[in-house]
Amino acid sequence: GFRLFNAGEAIFTKEVKILNDAPTLLLTSTIKTNSFLSRFYKVRDVVKVWSNKDDLTLIKIEKEVNEGSYHLNYSAHVSDDLRLISDKETIQLESKVYDPISAIFMLRKKPLTHGDSYKFTTVENGIIQKVNVMVGDTEKVSVPAGNFDTRQIIPISDDGMPLFKHDGKMKVWYSNDDRHLPVKMEQKTNVGTLILKLK
């Protein structure tokens, strides 16, 4: 949803794939606006993230982003000696990192009880950020998939700088059960607030 009306659809899939002779978890995010909104602001984003099957840390990423007049094609992989290698640059990493998409799925494996906090490092388009996540109170959330008791988390950076472009802030609501389904996501953008609700 976007500014009180339906904006389109976001689809997240996960599957086990062999990469470099080893099983990895491929997470794919596909986001596209519907025909109405596409007349004004067309979005066609496909992001593929190959992650370590056990801890979901980043191995490889391929990204094709088309948002209005903004276009980006980006690919990179993490070497065994923790270097992030893309066509444009090589960055030495201090530790294993997550893509923001794989971080959402990684947090599903955590207890997510009130007051818990988790720290990890993300990388997006070559930009490395240390992230701190705090788990909030329970909150009832209604989405097309049903009514859920949820835990809200808000990722913030360690240095207080915005995690997302255009000073965007992000919130994720996980179901307060063993599944920890990402029930709802909300992100501020340069043109308004984007809200994803689980179908």
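**Exercise 1.** How many nonpolar, polar and charged residues does the lining of the second largest pocket have?

*Solution.* The model is predicted, so local features need pLDDT of at least 70 and side-chain atom pairs pLDDT 80 or more, while totals for chains, interfaces and linings use all residues. Residues are numbered from 1 along each chain as its sequence is written, and side-chain values use heavy atoms, without hydrogens and water.

Step 1. A pocket is an open set of points on a 1 Å grid where a 1.4 Å probe fits, with protein on both sides within 12 Å along at least five of seven lines; lining residues have an atom within 4 Å of a point.
Step 2. Here 17 residues line the second largest pocket, and Leu-58, Ile-59, Val-78, Ser-79 and Asp-80 are the closest to its centre.
Step 3. By class, the lining has 8 nonpolar, 6 polar and 3 charged residues.

**Exercise 2.** Determine whether Ser-29 is buried or exposed, and list its contacts.

*Solution.*
Step 1. Ser-29 lies in β2, where a strand is a DSSP run (E, at least two residues).
Step 2. Buried means under 20% relative accessible area, with a 1.4 Å probe and protein chains only. Ser-29 is buried because its relative accessibility is 5%.
Step 3. Leaving aside residues up to four places away in sequence, Ser-29 touches Ile-11, Phe-12, Asp-45, Val-46, Val-47 and Ile-101; contact means heavy atoms within 4.5 Å.

**Exercise 3.** Identify the strands at the edges of the open sheet.

*Solution.*
Step 1. The sheet has 6 strands in the order β8-β9-β10-β11-β12-β13, with antiparallel pairing; two strands pair if DSSP finds at least two bridges between them.
Step 2. β8 and β13 each have a single partner strand, so one side of each lacks a neighbour in the sheet.

Note on methods:
Ala, Val, Leu, Ile, Met, Phe, Trp, Tyr, Cys and Pro count as nonpolar, Asp, Glu, Lys and Arg as charged, and the others, Gly among them, as polar. Helices (H or I, at least four residues) and strands (E, at least two) are DSSP runs, numbered from the N terminus. Buried means under 20% relative accessible area, exposed over 50%, partly exposed in between (1.4 Å probe, protein chains only).
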